[in-house]
Amino acid sequence: DLSGDAEQEYFAEGLTEEMITQLGRLHPRGLGVIARTSAMRYKQAGKSIGEIGTELGVDYLLQGSVRRAADRLRITAQLVQVSDGTQIWAESYERGVADIFAIQRSVAESVARSLALELFPTTERALGSASTTDPAALESYLRGRYHWHRLSEDGMQKSVAYFQLAIQKDPNFALAYSALAEVQILVAFTGMLPSSDVIPQARQATLRALAINEELAEAHASLASINKNFDWNWPVAEQEYKRSIDLNPNNAMARWGYADLLSALGRAEEAMDQIQRAKELDPFSLVVNVQISWTLYMAREYARSKEQSLKTIEMEPEFAAAHYSLGLALEQTGKQREAILAFEKARDRSEGNSIGIAGLGHSYALGGRQRDARDILEGLTRASAVRYISPYAFAIVHAGLGEDALAMEWLEKSFALHDVWLVWLKRDPRFESLHADARFQSLLARMNFPV
C-alpha cells in the first residue's frame, strides 16, 4: 500500500487476498498458489526474491503495489522468476474503484498467459457471478475480510457487521454471503454464541451464496462445515468438501476443514494427507500448523503432536491454540506438570476461551490438583451467567475428575444445543473412560457416527 494512509491497509490486503483467490481458480490443477496467510508474512520482511522463493518452495513471485486517492486506483504488478530474478511480465493499471474486480481478472489473466496456462472455460463465469460492481459493497466486504483475519472477538464482530453491510448494498454479492457464513461458524467455535443461535444464520447465508453462484468453492466449504459440526451429516459434509476442493484445489482452508472431518471420523492417514496439502499451500498459517498437531493428537501420535506444537509456538509464541495443543500431547504422555504449564500459557494468551480453560481444569485434575480443577468449574459457572459457555467445557473437567455421570450430563446438554465441539466426541482421548457406558454409545449413535 503506497497510499500513506494506515486506514487504507484493509484495501491493499483485500486486493492481495482476492488476487490469490482468482489466481488459484485460473488453472487449479496446473498452478499451485500460496495462500494469503503465508504470503502476508513477507509484506514487510525485506527478504530477497531468492529467499522468499526458497522458503515457500515456489517458482514465481507476483509483486505489486496499490495507491488509492479518493475513488481512483493505481495498481502495479510484476511476475518474477525465482531462479534468476528475471522479470517475466509487468503491468500497471489506473482506474476507478468500481473497476477493481475487472483489474484483478485482467492481472490474473496476464499472469496466466505468461506461464502459458490455459483458463478453464468456467472461470470467467464463476468470478463474475461471485463479485459485485457496487464499489461501496466491495469496500465493506474488504473491510470485513481485514477484520476477520485478526481472529479476535472484536475483529469477528466487526467483520460480521461489514459483511452484512456489503450484502445490504448488493443483495447478490455471493462472496459476501459466503464470508459471512465463514465468520459465523468461527463465532460458534470460539464460544461467543451458542451453535444453535449462529449456525442457522450461517446456513442461510451459505445457501444464498450458492443460489447466486453454485460454483463458489468457499460456499461449498462452509456448507460442509455446517453439515459436519452442526448436522453431523458426515456423508454430505465429505461430499461438500470434495466439491469445494474440486472447484478450487488451492483452497487451503477447504483442505483444512476436510482434514478436520477425516480426523473426527478416525481416518487419520487421509486426514494427514489433506492437512499436509493445506500446509504446502499455506506453510506459515498458524491455524493450519496447529491443526497438524490436533490431527496427530486425535490419531494418538502424541510425540509427533508435541513436536509440531513446539514448531508452531516457535513461529508465534503468543498463539494460544498451539500452547493448548502442546498441553494435550503432554497430558496424554503423563507429563502433567509440563501440561499444566502449557495450558496456563494457553489460558493467559486467549480471550477467556472456555474450551481452553476446561483443558487446564482437566489437567489440574489428572495432576492431583482437584481443588484447582473445581475452582475452574466454579469459574466457568460464574462466567456462564454473563456469556455463553460450551457445555462441552464442563464435561471435559468432570471427565478429568473421574465424574463420569456428570460428564455425561454435560455432553447431553451439548447434544441438545448441537454444540460444535461434539464433532470430536468419538476421538477425544479425554473421554476414553466413557466409551463402555451405554449412554455414551447412544450419544455417538444419535450423532450418526459410523460404527
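This is a predicted model: local features need pLDDT of at least 70, side-chain atom pairs count only at pLDDT 80 or more; totals for chains, interfaces and linings use all residues.
**Notebook: strands, a helix and some rings**

I began with the strands: E1 (residues 60-69) and E2 (residues 72-81) pair antiparallel, over 10 bridges.

Next I followed E2 onwards. Nine bridges join E2 to strand E3 (residues 87-96), again antiparallel. Leucine 79 has tryptophan 89 in E3 as its bridge partner. E2 and E3 also form a hairpin, with five residues between them, and here glycine 85 in the turn has the positive phi, about 75 degrees.

Then I looked up helix H9. How far apart should its ends be? Its 18 residues (195-212) should span 26 Å at 1.5 Å a residue, and the end C-alpha atoms are 25 Å apart, so that agrees. I listed the buried residues of H9: Ser195, Val198, Ile199, Ala202, Ala205, Thr206, Ala209 and Leu210. Looking down the axis of H9, I saw its buried residues fall within an arc of 135 degrees, so they line one face of the helix. On the face turned away from that side I found the exposed residues Gln204 and Ala211. What covers the buried residues of H9? I found that the cover includes helix H8 (174-190), helix H10 (217-231) and helix H21 (404-417).

On to the rings, where I got a count of 14 aromatic pairs. Tyrosine 42 and phenylalanine 284 have ring centres 6.0 Å apart and planes at 65 degrees; over 60 counts as edge-to-face, so this pair is edge-to-face. Tyrosine 42 is in the loop between helix H2 (36-40) and helix H3 (49-56), while phenylalanine 284 is in the loop between helix H13 (268-281) and helix H14 (286-298), so the pair ties together parts 242 residues apart in sequence. I checked burial too: tyrosine 42 and phenylalanine 284 are both buried.

Tyrosine 392 and phenylalanine 431 are another edge-to-face pair, at 5.4 Å centre to centre and 75 degrees between the planes. Both of these residues are buried. They also belong to one aromatic cluster, along with Trp294, Tyr297, Tyr302, Trp421 and Trp424.

Last, I looked for charges over rings. The charged end of lysine 413 sits over the ring of tryptophan 410, 3.8 Å from its centre. Arginine 446 lies over the face of phenylalanine 415, 4.9 Å from the ring centre.

Note on methods: Residues are numbered from 1 along each chain as its sequence is written. Side-chain values use heavy atoms; hydrogens and water are left out. Helices (H or I, at least four residues) and strands (E, at least two) are DSSP runs, numbered from the N terminus. The expected span of a helix is 1.5 Å times one less than its number of residues. Buried means under 20% relative accessible area, exposed over 50%, partly exposed in between (1.4 Å probe, protein chains only). The arc is that of the directions from the helix axis to the C-beta atoms. Contact means heavy atoms within 4.5 Å. Rings of Phe, Tyr and Trp (its six-membered ring) pair if their centres lie within 6.5 Å; planes under 30 degrees apart count as stacked, over 60 as edge-to-face and the rest as tilted. A charge sits over a ring if NZ of Lys or CZ of Arg is within 6 Å of the ring centre and within 35 degrees of the ring normal. Two strands pair if DSSP finds at least two bridges between them.
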